[in-house]
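Subject: Structure handover

Hello,

Here is the structure for your files. My notes on it follow below.

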Amino acid sequence: MLRNLFSVNVKPLIGLVLLTPIIVNHSPAVAQEQSLKVVYPRTNHKTSSDKIFFIGTAPQTGQVFINDRSITRSQAGHFAPSFPLKLGDNKFTVRHGNQKIEIVVTRVATEPKIPRGLAFAVNSLTPAVDIARMPDDRICFSAIAPPDGKVSVRLGYRNIRLYPQPQQAKLPSNLAALTGTNQPYNKQMGGKYAGCTVVGRSGNFGQPVYKLDLKGKKFTQRAPGKVSILSPAILQVVEVTADAGVARTGPSTNYSRLTPLPKGTRAAITGSEGDWLRLDYGAWINGKETQILNGAIPPATVIRSVGSRKFSDATQITFPLQVPVPISVHQSDRTFSLTLHNTTAQTDIIRLDDNPFISRLDWQQITPSQVRYTFNVKSEQQWGHTLSYEGTSLVLKLRHAPRISRSRRKPLSGIKILLDPGHGGKESGAVGPTGYPEKDVNLSVSKLLRDALVKRGATVVMTREDDQDVSLRERQKIIAREEPALALSVHYNALPDYGDAENTRGVGIFWYHPQAHSSAIFLHNYLVKKLNRPSYGVFWNNLALTRPAEAPSLLLELGFMSNPSEFEWVVNPKSQQKLANTLADGIVEWFKTVR
């Protein structure tokens, strides 16, 4: 599973999110003395989903009832039916013979409750945290109040009228793409008021004061956050202190990631929202990953000559700068582009000799403050890159293709492959109907795959060899240190509460950088065809174990722990061995296609 799917009192999520895992008793895949068991959900589970599935098992003979409804089971007696949920507490009774399990699932509302009477909805006034903007930036305010009221907000000496808003489509979570339910939907809800303004002068304007006029009665309330307008003449400058500062499209972890900022990057602050800082090139970063450089002026640099050095396994390109500036990377089949922000080109000389990977380097001043360097590459397959600042010089390393053996007996000789058995230690991952944890099958299959790859000549590195805790950051560091030709994170899948656990199955593969796309498509199709398994799909996904740029990095979801029938295939030792051999063969065949 991608990460901690099942959690106590939290809606289960697919994705690399840090949630508290359910602690399960590690039982064998097939219990010696099978009895009625429900491994998910636990009682008092809370979710915002409008339905829930039950994962469990019972003796093969007899029927299992949930709230007096007979449910379908696999040949081994496992089940995963879904049931609708109403808002509030939902009581379920699971029965088999004289055994009974009672479970309460609470569906919580996700929308603020429209108040009755003279009041604003709880936590509906914005800004919810302190914000800062540049002069003439648009600042918007919103509140939820009774639909027949009049709402305004006072910011400093100006009053802004807020108007009732027409119905707006709601967007589901990104995770909805994994269940095929990612369509906008309309939610009947009134009472939202909104309006915007701009402020042309700098200053601290304090907490906006909201006013509600309802049937002649008036009510005022301050927003939680304060509003400040920055002075363009005295912008603060920050330096990135994290090894790879996480740049995003907006001020929270809900927003998409952009190219990470190398340690030492400097930029001016042009806005803030709570702990988040807006940098001068438009991205946001959490302030905890930076430090203020007192007295520094907004960074800007020129760039002149660009130099390169060719090594046996990589080409290193050095961009000499006056100050470390933000960067953006764009990778495609035949190009690798690097954009330097707050930079003006004076580049008149570039040395780049005949190169096994790069055919040509071009550059262009695309805006007055952005320079783009584009590497035209000789192969559609790229093998990884690193970016770092050494002093004020930006150093880019582009890896060359590995030397691929011509040996029929040992076709992977000279190839290093990294295997990451997902989860481990206190993180069980998903659980099957018997309570068997994903982390155990991840490790078993990874060891079988390791042995199969070694037989084919590969050098294999494992991120863990036993049941131990290995953090996501540590796994990323191992990939960066080892620089394999291919990195595979081995997982088995499960679904959010609104998924159809009873009918969803199959092989899925996740990638992030374009350099990993070819292997994702090839290995997915190979496994589906050779094993005659269902396809779950190939997904672009921004996950901790697909993000490493040092190598083509994939996350494999080889089947569903939550599917009653597929679980039997997942834990079958003969099926595991066949899967490992087939995947190893697929890796051999993929390397043949990229020679």
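Residues 24 or more positions apart account for 68% of the protein's contacts that have a separation of 6 or more, where contact means heavy atoms within 4.5 Å. The model is predicted, so local features need pLDDT of at least 70 and side-chain atom pairs count only at pLDDT 80 or more, while totals for chains, interfaces and linings use all residues. Residues are numbered from 1 along each chain as its sequence is written, and side-chain values use heavy atoms, with hydrogens and water left out.

Overall dimensions

The C-alpha trace spans about 75 × 75 × 35 Å along its principal axes.

By secondary structure, the protein has five helices and 42 strands. Helices (H or I, at least four residues) and strands (E, at least two) are DSSP runs, numbered from the N terminus.

The accessible surface comes to about 27,600 Å², and 47% of it belongs to carbon and sulfur atoms. Areas come from the Shrake-Rupley method with a 1.4 Å probe, and for residues only the protein chains shown count as cover. Of the 595 residues, 53% are buried. Buried means under 20% relative accessible area, exposed over 50%, and partly exposed in between (1.4 Å probe, protein chains only).

Pocket and cavity

Both terms rest on a 1 Å grid over the protein atoms alone: a cavity is a set of points where a 1.4 Å probe fits but cannot get out, a pocket is an open set with protein on both sides within 12 Å along at least five of seven lines, and lining residues have an atom within 4 Å of a point. Grid points are joined across faces, edges and corners, and a volume is the space filled by probe spheres set on the points.

The second largest pocket holds about 940 Å³ of space. Its lining has 29 residues, and E111, S142, Q168, K170 and K192 are the closest to its centre. Strand 12 (138-144) and strand 15 (192-198) each supply at least two lining residues; strand 12 gives the most, with three. The lining of this pocket divides into 12 nonpolar, 11 polar and six charged residues. In this scheme Ala, Val, Leu, Ile, Met, Phe, Trp, Tyr, Cys and Pro count as nonpolar, Asp, Glu, Lys and Arg as charged, and the others, Gly among them, as polar.

There are two cavities of 30 Å³ or more in the structure. About 30 Å³ of space lies in the second largest cavity. Its lining is made up of Q331, F336, F357, Q382, W383, G384, H385, L398, R399 and Q515, which divide into four nonpolar, five polar and one charged.

Two single residues

H78 is in strand 7 (residues 78-79) and is buried, with a relative accessible area of 4%. Leaving aside residues up to four places away in sequence, H78 touches Q34, G56, T57, T72, R73, P433, T434, P564, F567 and E568. P166 is 88 residues from H78 along the chain, and their C-alpha atoms are separated by 47 Å.

I521 belongs to helix 3 (residues 517-531). I521 is partly exposed, at a relative accessible area of 30%. From I521 to N294 there are 227 residues in sequence and 49 Å in space, C-alpha to C-alpha.

Backbone geometry

Most residues other than glycine have a negative phi, and most peptide bonds are trans. The following are exceptions to check against your own view of the backbone.

- Y40 and P41 are joined by a cis peptide bond with omega about 0°; P41 is in the loop between strand 1 (37-40) and strand 2 (45-47).
- T126 and P127 are also joined by a cis peptide bond, with omega about 5°; P127 is in the loop between strand 10 (99-107) and strand 11 (131-133).
- N342 has a positive phi, near 55°. N342 lies in the loop between strand 31 (335-341) and strand 32 (343-345) and is buried, with a relative accessible area of 14%.
- N532 has a positive phi of about 55°. N532 lies in the loop between helix 3 and strand 41 (535-540) and is exposed, with a relative accessible area of 66%.

Regards
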